[in-house]
Amino acid sequence: MDVTSVLELFGGVGLFLFGMSYMGQSLEHLAGNGLEKILQTLTTGKKKIIGILKGFFLGLIVTGIIQSSSATTIMLIGFVSAGMMSVTQAIPVVFGANIGSCVTAQLLRLGDLGGGGIFLKLLKPSSFAPMLIAIGAFIIIKAKKQKSRDVAGILLGLGVLFMGMTFMEEVFAPLKESEDFRKLFTSFSNPFLGILIGFLLCALIQSSSAFVGILQALSATGSITCGIAIPMLIGQNLGKCITIVLGSIGAPKKAKRVSLAYLLFNIIGSLILTIVLCILYYKVKPDFLSDVMNRGSIANMHMGFNIITALILLPFTEQLGRLTGKILRDKDDTAEENDFQILETRLLSTPGIALNACSRVIETMADRIVENYYLTVDLMIGYNDETFNKLIKNEDYIDRAETALSDYCLSINRNRLTPDNKLVISEILNSISDYERIGDYCVNMAYVIKDMQEQGIKFSPAGINELTSIMSATKKALDTTRKAFFNDDEKKASRIEPLYDAIRKMREVIQEHHIKRLQEGTCSVPAGVALFDLIQCMERIASHSRNISLHVVKRVRGDRSFDEQHGHALDPYGEEYQSLQTYYLNKYLDPILQSSD
């Protein structure tokens, strides 16, 4: 092998790695949020075995698509770090991921096809690779839609992968006749040397699929026997763990347990196969160890190794999970976790999952806000410091959630955002600001009530009746807004604006009534100031609820041109809008008007 051959070999390896990476990225991008959400799906079932099997097949399918068990496991580390999956749920996915990574080797076995006519020749990678590259490149140049470009990227990546494989085979082909090359491989009388070589090469390449592909290319020389391939495959299964170990650095203990489970899977499997191999090498010495391997047999051996290991360990998923906890001294029931751990930085490169995490935090934020409004109502009925302090504690969470969500949304990888993702981010950023302001108004109301308690200010029976009515309407606005936001319910969202108009009308009527009571001397000035502050806060809460509802409408409709500042979910002069407004006025304003007659 001269210098030119070495350069061609490196070029072939480079093409192979690039093709694999480009194909995987295109597949992942084409699948979009669907692929990410599959991994995030809770792997549970009525029976534990069902949940385990669901997780196993999730890992197999997803890794079969993206062709990297390391990438799948690193995503799992992020999900567990974020609290979106438990360690026990993630472990079966890890087992499936190891088998899913064997798909590339099975595709490469097509290179063994030959003879039998033009049809079988066309199925050989060396025949259809140039055609795939040509078709893929043409579509990329001409296509305007991203989905078409992603499909073309898959074709181009697959073609480049096979072209790299062909280059490597052509470099290795002359070595068939080289006696020195044959001696190099037949010198592996010690299986541990083969394991070491497989480990080092796979750790260097950082891809078990690529390593197996290179081994398949070497099989074209006729020098790769079963006794040589088995140790090297054992070694590569250990070498691919380096990426996972590096990816878990800085992660919390629970996430490190996922990487440890991945490591244990490959260590246990490698140990079992090494024991069997040593028995074969030194005791039995069967003839098949000297059988020459081809692409297909190497691919089958690689897949068989992972299938057998998974079948052995799958029934012990829970025990393996507990073992990782004991090794890393982590308990499943630990409660000392960051409130916002779900906003895991490792998920920023997967927008669908990152936005799902944001939704979960904003849902908790909204729950605290609604709870604060209810606490404010309780304070109005009967003030106590315990309720007030609970409200202030919730407000602290709300403020921290708004800051964390804003920073996290702005850090999401913009290059991978779909049009729908962009609308979701816009909706979240706008809505968390409105939700935070609603929380502020709840606190303002609580302080007004506290001041009234300290100063001994009381409302008249008429004032209490009016406050009760407008508080009920505001509660309706908050509850409906929350349901519309988290259920993507445009119909509910469209009800908020006419309700806000009714609340605004109620505020005007209550102010008029109070001025009249002041003139009659049936209500004090301090009580009037407090009343005005409270109803003003409730109108602002309804106003921000209306803003959130319009964010929902824009996102659900997918209408980028929708003006949230001046637009309307319904025509304000239309029959439906007027009918809803009349309904709310009858329900909430009429009791006030009737009591004043």
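The stops that follow lead from the whole chain to its cores, its helices and its cavity.

**The whole chain**

Begin with everything selected, and bear in mind that this is a predicted model. The secondary structure of the chain consists of 25 helices and 0 strands. Of its 597 residues, 51% are buried. Consider next the contacts between residues at least 6 apart in sequence: 81% of them join residues at least 24 apart.

**The largest nonpolar core**

Select M365, Y435 and M538. In the largest nonpolar core, which has 83 residues, these three touch the most other members. Which helices each supply at least two residues of this core? They are α18 (351–381), α19 (385–411), α20, α21, α23 (496–520), α24 and α25 (575–596). The most is given by α20, with 14 residues.

Now keep Y435 and display its surroundings. Neighbours within four places in sequence being left aside, Y435 is in contact with I362, M365, A366, I369, T481, R482, F485, F486 and I548.

A second, separate core has 25 residues, and I52, A90, V258 and A261 are among them.

**Helix α15 and the residue after it**

Select residues 253–284, which form helix α15. This helix has 32 residues and spans 44 Å from its first C-alpha to its last, close to the 46 Å expected at 1.5 Å a residue. K285 follows α15 and has a positive phi, near 50°.

**I244 in helix α14**

Move to residues 241–247, helix α14, and pick out I244 within that helix. Is I244 buried or exposed? I244 counts as buried because its relative accessibility is 0%.

Select residues 461–487 to show helix α21. Its 27 residues reach 39 Å from the first C-alpha to the last, close to the 39 Å expected at 1.5 Å a residue.

Then select D488, which lies in the loop between α21 and α22 (490–493). Most residues other than glycine have a negative phi. D488 is not a glycine, yet its phi is positive, at about 50°. With a relative accessibility of 36%, D488 counts as partly exposed.

**The cavity**

Rolling a probe the size of a water molecule over the atoms shows where empty space is left. How many cavities of 30 Å³ or more does the structure hold? It holds 1, and about 40 Å³ of space lies in the largest cavity.

To see its lining, select L423, S426, E427, H551, K554, R555 and E564. The lining residues divide into 1 nonpolar, 2 polar and 4 charged. Two helices, α20 (419–455) and α24 (525–557), each supply at least two residues of the lining.

**H551, the last stop**

Finally, centre the view on H551, a residue of helix α24 that also lines the largest cavity. H551 is buried, because its relative accessible area is 7%, and the cut-off for buried is under 20%. Residues up to four places away in sequence not being counted, H551 touches E427, N430, S431, D434 and E564. Display these contacts together with the cavity: E427 and E564 also belong to the lining.

Note on methods:
Residues are numbered from 1 along each chain as its sequence is written. This is a predicted model: local features need pLDDT of at least 70, side-chain atom pairs count only at pLDDT 80 or more; totals for chains, interfaces and linings use all residues. Side-chain values use heavy atoms; hydrogens and water are left out. On a 1 Å grid over the protein atoms alone, a cavity is a set of points where a 1.4 Å probe fits but cannot get out, and a pocket is an open set with protein on both sides within 12 Å along at least five of seven lines; lining residues have an atom within 4 Å of a point. Grid points are joined across faces, edges and corners, and a volume is the space filled by probe spheres set on the points. Helices (H or I, at least four residues) and strands (E, at least two) are DSSP runs, numbered from the N terminus. Ala, Val, Leu, Ile, Met, Phe, Trp, Tyr, Cys and Pro count as nonpolar, Asp, Glu, Lys and Arg as charged, and the others, Gly among them, as polar. The expected span of a helix is 1.5 Å times one less than its number of residues. Buried means under 20% relative accessible area, exposed over 50%, partly exposed in between (1.4 Å probe, protein chains only). A nonpolar core is a set of buried Ala, Val, Leu, Ile, Met, Phe, Trp, Tyr and Cys residues joined through side-chain atoms within 4.5 Å. Contact means heavy atoms within 4.5 Å.
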